[in-house]
Amino acid sequence: MSVSIAGIGIHPFGRTDGVSGMQQGVIAVRAALRDAGLTWDDVDFAAGGSEAAGNPDTMVSALGLTGIPFINVKNGCATGGSALTIAAAAIESGQAEVAVAVGFDKHPRGAFNEDPARWGLPEWYGRTGMMLTTQFFAMKIQRYMHDHGISDAALAKVAVKAFENGALNENAWRRAPLSEAEVAGSRMINHPLTQYMYCSPGEGAVALVLRRTPEGASSREVKLASVAFRTRRFGSFEVFSPHLAAERVDGPTVDAALACFEAAGIEPGDVDLAQVQDTESGAEIMHMAETGLCAHGDQEKLIADGSTRIDGSLPINTDGGCLANGEPVGASGLRQVYENVLQLRGDAGPRQVPGSPKVAFTHVYGAPGVSACTLLTV
Ligand SMILES: CC(=O)SCCNC(=O)CCNC(=O)[C@H](O)C(C)(C)COP(=O)(O)OP(=O)(O)OC[C@H]1O[C@@H](n2cnc3c(N)ncnc32)[C@H](O)[C@@H]1OP(=O)(O)O
């Protein structure tokens with residue numbers, strides 16, 4: 001691709017008093033433009049999304065009524081990744097030279113007790129009285145642990161790492177480290193997942209300024225090597241029912257990751273750091289293998305020996321992920337890209353991955369089965 005990330009901006013994640021989701025988005029866009037050394041007048045295309053905080057195109061009233069195309073995107077947790085896909089395509093197709101992708105949201109406590117029908121899921125989800133999303137993720141990791149020999153301790157260790165990394169991130173919400181015993185001993189939500197293994201619904205915003213990669217770009221220019229987006233296929237876990245399909249097929253994460261690596265001509269083994277969707281601890285574990293970053297079952301050892309820590313051989317969720325940042329659905333996918341840009345620029349401060357990383361991967365998964373991945377390089 002010939003697209004670079006020229007600017008990044010963030011509104012800190014967590015809970016705010018009196019700042020709307022939309023205002024947080026505006027703050028993030030202004031910060032990204034400042035970072036790129038550009039103004040809203042330089043932008044000729046924008047795409048953005050929020051699940052619950054309004055239509056992003058209305059933010060032009062605050063940013064400037066310049067008349068540019070602004071596409072509203074709503075795609076579950078993959079909303080930010082989808083906005084980025086659209087903005088990048090606008091540049092690739094020659095429609096735009098500079099484009100903005102923005103994601104923001106504002107969820108109150110207890111935000112995700114959803115109606116299964118709204119997500120196209122079978123109506124038996126939620127029948128037990130448990131929350132739809134927490135039940136969905138618990139069932140998925142329960143089966144995965146059985147199939148691939150993952151222990152309860154690995155689930156707790158993922159959360160411990162997330163809060164350790166969050167403690168080093170001034171924009172994160174949960175910044176107090178927790179011990180393995182505290183994570184494992186917190187309230188059981190849906191077996192095998194305890195409260196601190198789940199992210200909390202929250203608030204936050206991230207914006208990216210994309211531009212056509214200039215001739216003779218500096219070696220610090222962060223390039224978007226590829227971006228790929230896929231929905232679920234018939235027979236995947238998300239739509240699996242004994243009445244419909246005899247065998248399970250790969251989910252959208254596998255398909256999106258494969259497409260992303262193929263398009264960039266990069267192998268998973270070349271990745272220096274990755275941010276993967278961690279709505280709960282088990283999701284990080286499953287997504288490590290579904291994206292091709294390791295073999296199924298190898299996560300147990302990689303987590304136990306510290307390989308996924310910031311100073312390990314495969315750093316994962318270096319900014320604390322959803323667990324430490326909370327999950328404002330529209331913003332999460334772009335938060336991952338924000339973190340990777342910081343890391344590739346060498347600007348991640350106390351959580352900088354050592355050894356000047358050159359290739360960074362993101363993966364975001366949205367219920368009930370949409371995934372978006374990116375590869376960034378310097
Ligand atoms: C594909 C997708 O991702 S779809 C989107 C899916 N997202 C989800 O499903 C979200 C999953 N999480 C949840 O639904 C909820 O967090 C639950 C059900 C697990 C727990 O709900 P609640 O009991 O309301 O707890 P909640 O997470 O809001 O936290 C409540 C309190 O616990 C404490 N707490 C929670 N996590 C932590 C932590 N890591 N460290 C310290 N305190 C914590 C805090 O005091 C917090 O209050 P605060 O929000 O004012 O800081």
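This is a predicted model: local features need pLDDT of at least 70, side-chain atom pairs count only at pLDDT 80 or more; totals for chains, interfaces and linings use all residues.

Entry 1. I turned to α4 itself, residues 132-148, and checked its length: its 17 residues reach 24 Å from the first C-alpha to the last, close to the 24 Å expected at 1.5 Å a residue. I listed its buried residues, which are L132, T133, T134, Q135, F136, F137, A138, K140, I141, Y144 and M145. For the surroundings of these buried residues, I noted that they pack against the helices α5 (152-166), α8 and α9 (299-304), and also against the strands β5 (188-190), β6 (193-194) and β10 (359-366).

Entry 2. How do α4 and α8 pack? I read an angle of about 55° between α4 and α8 (residues 281-290), with their axes 10 Å apart, and the two helices are therefore oblique to each other. The crossing in which α4 passes α8 is left-handed. On the α4 side I found K140, I141 and Y144, and these meet G282, I285, M286 and A289 in α8. By class, this contact of α4 with α8 has five nonpolar residues, one polar and one charged.

Entry 3. Next I took α5, whose 15 residues should span 21 Å at 1.5 Å a residue; I found its end C-alpha atoms 22 Å apart, which agrees. The helix is mostly covered, since 11 of its 15 residues are buried, and I wrote these down as A154, L155, A156, V158, A159, V160, K161, A162, F163, N165 and G166. What covers the buried residues of α5 includes α4, α6 (180-185), β6, α8, α9 and α10.

Entry 4. I then compared the directions of α5 and α8, which pack at an angle of about 100° with their axes 8 Å apart; they are therefore roughly perpendicular to each other. I traced the contact to A154, L155, V158, A159 and K161 of α5 and to S281, G282, E284 and I285 of α8. The residues of this contact of α5 with α8 divide into five nonpolar, two polar and two charged.

Entry 5. Leaving out residues up to four places away in sequence, I listed what E284 touches: V158, K161, V276, Q277, D278, I316 and N317.

Entry 6. I also looked up D311, which is found in the loop between α9 and α10 (321-325). D311 has 59% relative accessibility, and therefore counts as exposed. As a distance check I took D311 and T194, which are 117 residues apart in sequence and, C-alpha to C-alpha, 27 Å apart in space.

Entry 7. Last, I returned to α3, residues 79-92, where 14 residues reach 20 Å from the first C-alpha to the last, close to the 20 Å expected at 1.5 Å a residue. I found 10 of the 14 residues of α3 buried, so this helix is largely enclosed by the rest of the structure. The buried residues in α3 are T79, G80, G81, S82, A83, L84, A87, A88, A90 and I91.

Note on methods:
Residues are numbered from 1 along each chain as its sequence is written. Side-chain values use heavy atoms; hydrogens and water are left out. Axes are lines fitted to C-alpha atoms, for helices over the stretch in contact, and angles run from 0 to 180 degrees between N-to-C directions. Helices (H or I, at least four residues) and strands (E, at least two) are DSSP runs, numbered from the N terminus. Angles under 35 degrees count as roughly parallel, over 145 as roughly antiparallel, 65 to 115 as roughly perpendicular and the rest as oblique. A crossing is left-handed if the near helix is turned anticlockwise from the far one by less than a right angle, and right-handed if clockwise. Contact means heavy atoms within 4.5 Å. Ala, Val, Leu, Ile, Met, Phe, Trp, Tyr, Cys and Pro count as nonpolar, Asp, Glu, Lys and Arg as charged, and the others, Gly among them, as polar. The expected span of a helix is 1.5 Å times one less than its number of residues. Buried means under 20% relative accessible area, exposed over 50%, partly exposed in between (1.4 Å probe, protein chains only).
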